[in-house]
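Here are a few friendly notes to read with the model open beside you. Take the points one at a time and find each residue as you go.

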Amino acid sequence: MQDSVQNGDEHRWIEIVKEAFGDYMSDWSAEKFVERYASSPLFKEDGFFFIRHKERYVATAFAWQEKTNSSEGRLHWLAVLPEYHRRGLGRTLALHVLYYHKDHGKQSVCLKTEIYRHSAIKLYKDIGFVCVAKGT
Ligand SMILES: CC(=O)SCCNC(=O)CCNC(=O)[C@H](O)C(C)(C)COP(=O)(O)OP(=O)(O)OC[C@H]1O[C@@H](n2cnc3c(N)ncnc32)[C@H](O)[C@@H]1OP(=O)(O)O
């Protein structure tokens with residue numbers, strides 16, 4: 001597992017999420033990722049995770065927070081390449097982000113997802129997340 005932003009990580013990220021999320025990511029690019037996240041002071045390089053299999057980057061997630069020094073962390077953009085599903089990579093990354101937040105003093109961790117993401121919701125409930133609201 002690699003846990004720091006290095007040259008080209010934005011391209012590795014976009015390749016994984018575009019394949020994992022499909023059409024949902026059609027208006028995303030590596031540049032948008034940098035603009036929206038990686039260039040923000042809220043983005044923590046050591047909370048940006050990939051799983052690599054041999055030379056291939058196959059899964060990613062990162063720890064986020066909505067505002068500086070928030071007591072609540074966020075699990076953001078968990079994605080695993082389809083051919084690597086059901087091998088425990090998603091669970092491993094999700095837990096890694098939870099421990100990251102714990103180690104950095106967060107009192108709680110939230111995430112947002114869409115109601116139709118049944119696999120993700122099952123995973124999140126399995127590791128202790130509770131559904132608190134439904135929205136758009
Ligand atoms: C905050 C956010 O990022 S929300 C968006 C989450 N990401 C996505 O929806 C992108 C597309 N999907 C994916 O990338 C993957 O399917 C993920 C990330 C949701 C799951 O990744 P995987 O590596 O396949 O999950 P992993 O193998 O760790 O499975 C963990 C548990 O999740 C649940 N799960 C995962 N996939 C499925 C599935 N297809 N059907 C039912 N349950 C599933 C199971 O409870 C599973 O445990 P089990 O294998 O012991 O039954």
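1. Is D27 buried or exposed? D27 counts as exposed, because its relative accessibility is 52%. The cut-offs are under 20% relative accessible area for buried and over 50% for exposed, with partly exposed in between (1.4 Å probe, protein chains only).

2. A word on what you are looking at: this is a predicted model, in which local features need pLDDT of at least 70 and side-chain atom pairs count only at pLDDT 80 or more, while totals for chains, interfaces and linings use all residues. Residues are numbered from 1 along each chain as its sequence is written, and side-chain values use heavy atoms, leaving out hydrogens and water.

3. Now look for the sheet. Four strands form an open sheet in the order β1-β2-β3-β4, and their pairing is mixed. The strands β1 (48–53) and β4 (108–110) are at the edges with a single partner strand each, so one side of each has no neighbour in the sheet. On average, neighbouring strands here are turned by 25 degrees against each other, direction ignored. Strands (E, at least two residues) and helices (H or I, at least four) are DSSP runs numbered from the N terminus, and two strands pair if DSSP finds at least two bridges between them.

4. How many residues lie between β1 and β2 in their hairpin? There are two, and K54 in the turn has a positive phi of about 55 degrees. Also in β1 is F49, which is buried with a relative accessible area of 2%. F49 and T92 are 43 residues apart in sequence, and their C-alpha atoms are 11 Å apart in space.

5. Charged pairs come next. Side chains of opposite charge can pair when their charged atoms come close. The whole structure holds six salt bridges, each defined as a side-chain nitrogen of Lys or Arg within 4 Å of a carboxyl oxygen of Asp or Glu. One of them links D27 to K32, with the closest N and O atoms 3.6 Å apart; K32 is partly exposed at 28%.

6. Compare two further salt bridges. E66 meets R74 at 2.6 Å, N to O; E66 is partly exposed at 47%, whereas R74 is buried at 11%. In the other, the closest N and O atoms of D126 and K122 are 3.2 Å apart. Both D126 and K122 sit in helix α4 (residues 118–126), four residues or about one turn apart. D126 is partly exposed at 42%, and K122 is exposed at 52%.

7. Finally, visit the surface. Which residues form a nonpolar patch there? Y24, I115 and Y116 do, with about 340 Å² of accessible area together. I115 belongs to the loop between β4 and α4 and is exposed at 57%. Patch members have over 30% relative accessible area and no salt bridge, with nonpolar side chains (Val, Leu, Ile, Met, Phe, Trp, Tyr) joined within 5 Å and like charges within 9 Å. The areas come from the Shrake-Rupley method with a 1.4 Å probe, and for residues only the protein chains shown count as cover.

Terms used
Axes fitted to C-alpha atoms, helices over the stretch in contact; angles between N-to-C directions.
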